[in-house]
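Me: I am new to this structure and would like to know what stands behind the labels given to its parts. Please set each value against its rule.

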Amino acid sequence: VLASSFRHADIVRAVDDLKDDLFAFASRLVRTPSLPGDEGAAHALVKDKLDALGLDTDVVSSTRADIETHPAFCDDGIPVDRRINVVGRWRGGQQTVAGSREGRSLILNGHVDVVPPGDEALWRDSPWSGRIRDGRLYGRGSCDMKAGLTAAIFAVEALQRLGVRLSGDVLLQSVSGEETGGIGTLSTIVSGYRADAAIILEPTSLRLCIVQAGALTFRLRVPGRAAHACLKKQGVSAIEKAAVLLSALDALERDRHRGFESPYYDDPTSVAPISVGTLRGGDWHSTVPDEAVLEGRYGVLPGESIADARRAIDDALRRAAQADGWLCEHPPILEWFEGQFESGATSPESPIVGVLARAHEDLTGTPAVLQGVTYGSDLRLFTNHAGIPAILYGPGRVEDAHTANESIDLAEVTTAAAVLAWTMCQWGGESPS
Ligand SMILES: [Zn+2]
């Protein structure tokens, strides 16, 4: 059977025939908790499924010695060596039928790690319920991004049911550690897995995200001088000095966006925010605090290197400190830790962008939307460190990710599966079966 010999309706029907299995699999994945460092059980579920589809399935262990010297390695503090990833290769026939394109290979990548559920009292059901209600699947990881990964797996199954044989290879990748720095995808890259393009199944509401900002986690230590609060003027409040630096960061955020222009962001003034997430200072209400520690996330603009971004914040903090009588003698100390995500981008001219956009339009009847995202993702690892054009494209709204009562519209999941199946046909070429 050749991909060209059936219509989009056949793909939609093939996915529809599988939808009970698809929903059940996504639900089972959600019922299998996979917090960072404990992704193994979820990977086992995926591996069983890929084996059942007859793919060549490898377990790719993450190994500290292999990745710790890589420039994109982010140490998330969780032992690397107990993390695994799964890659299932649906081997293409290599030969192409007359008139068909040379078979190109494609990676479909999804992470199984999920962020913690937060206060469980805010959840209507258990975060691990995997409950399906009114056409939505509920639970931590449903939207980000177990349903997306499931859509990719069942897209392959739908093509198999239709008897399609692609010419190029499809690699289904189930990876660990995306939320905490990307060691899973990095491990697959270091282990040599490559393809002509990659689609990452992040929840993008079926928009094609080809540009991502970066994000650097930072800590700022602000010194003060302790004194009894009744003698406040003999001390220096580290909390008040932190406020000075906070307003410098606020000004820096505005300055950095002033010259930034991109057609891919609705709000180009908030592409790379600087946000302080924690502030600790002092140890007693009636003591002038001698230290304040701020931790936050510093956005990297698309196209900006990490070195340039760090230089900009260093300069801003130095200028703010020099203008302050205390801080110029006792400068704050800036540290970088945990996630250090570069920005990344795929050219809109890259062939995979056109193929996916057309497949989206063919299957949904709506125009493809190209977009940039403000969060970090594994896209940068493919574009910056493997030379692989990559796109984020998947079901679910990012607004539902990481929230209590996280959920996803299952109709969008089956749409995604159909679009991905059609994309594989268009991208991978056809092989005589
Ligand atoms: Zn995600």
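Me: Why does Asn405 count as partly exposed?
Reply: The relative accessibility of Asn405 is 30%. Buried means under 20% and exposed means over 50%, so Asn405, at 30%, is partly exposed. The model is a predicted one, and the value is computed from it.

Me: Where does Asn405 lie, and what is its phi?
Reply: Asn405 is in the loop between β17 (390-392) and β18 (407-409). Its phi is near 60°, a positive value in a residue other than glycine. Most residues other than glycine have a negative phi.

Me: What makes the peptide bond between Asp144 and Met145 worth a mention?
Reply: The bond that joins Asp144 and Met145 is cis, with omega at about -10°. Most peptide bonds are trans. Met145 is placed in helix α5.

## The zinc ion

Me: How do you know which atoms coordinate the zinc ion?
Reply: A donor is an N, O or S atom within 2.8 Å of this metal. His111 (NE2), Asp144 (OD), Glu202 (OE) and Glu202 (OE) lie at 1.9 to 2.8 Å, so they count as donors. Water is not among the atoms, so sites may look incomplete.

Me: Why is the site of the zinc ion called irregular?
Reply: The angles among its four donor atoms run from 50 to 144°. To be tetrahedral, four donors need all angles between 85 and 135 degrees. To be square planar, opposite donors must be over 155 degrees apart.

Me: What spacing do the donors follow along the chain, and which parts does the pair Asp144 and Glu202 tie together?
Reply: The spacing is H-x32-D-x57-E. Asp144 sits in helix α5 (residues 142-161), and Glu202 is in the loop between β7 (198-200) and β8 (208-212), so the pair ties together parts that are 58 residues apart in sequence. Asp144 and Glu202 are both buried.

## Cysteines

Me: How do you know how many disulfides there are?
Reply: A disulfide is a covalent bond between the sulfur atoms of two cysteines. A pair counts if its sulfur atoms are within 2.5 Å, and by this rule the count is zero. Take Cys209: the nearest cysteine sulfur, that of Cys143, is 13 Å away, and Cys209 is in no disulfide.

Me: What makes the labels of Cys209 and Cys328 what they are?
Reply: Cys209 has a relative accessible area of 1%, and buried means under 20%, so Cys209 is buried. Cys328 is at 38%, which lies between 20% and 50%, so Cys328 is partly exposed.

## Pockets

Me: What lines the largest pocket, and which element gives the most to the lining?
Reply: The largest pocket has about 760 Å³ of space. It is lined by 29 residues, and Glu179, Ala215, Arg297, Phe341 and His402 lie nearest its centre. Two or more lining residues come from each of β9 (214-223), β11 (274-281), β13 (291-300) and β14 (333-341). The most, four residues, come from β14. By class, 12 lining residues are nonpolar, nine polar and eight charged.

Me: What volume does the second largest pocket have, and which residues are closest to its centre?
Reply: The volume is about 330 Å³. The lining has 19 residues, with Gln371, Gly372, Val373, Thr374 and Val398 closest to the centre. Strand β16 (residues 370-373) supplies three residues, the largest share. The classes are eight nonpolar, six polar and five charged.

Notes:
Residues are numbered from 1 along each chain as its sequence is written. This is a predicted model: local features need pLDDT of at least 70, side-chain atom pairs count only at pLDDT 80 or more; totals for chains, interfaces and linings use all residues. Side-chain values use heavy atoms; hydrogens and water are left out. On a 1 Å grid over the protein atoms alone, a cavity is a set of points where a 1.4 Å probe fits but cannot get out, and a pocket is an open set with protein on both sides within 12 Å along at least five of seven lines; lining residues have an atom within 4 Å of a point. Grid points are joined across faces, edges and corners, and a volume is the space filled by probe spheres set on the points. Ala, Val, Leu, Ile, Met, Phe, Trp, Tyr, Cys and Pro count as nonpolar, Asp, Glu, Lys and Arg as charged, and the others, Gly among them, as polar. Donors are N, O and S atoms within 2.8 Å of the metal (3.2 Å for Na, K and Ca); water is not among the atoms, so sites may look incomplete. Four donors count as tetrahedral if all angles lie between 85 and 135 degrees; four count as square planar and six as octahedral if opposite donors are over 155 degrees apart and all others between 65 and 115; anything else is irregular. Buried means under 20% relative accessible area, exposed over 50%, partly exposed in between (1.4 Å probe, protein chains only).
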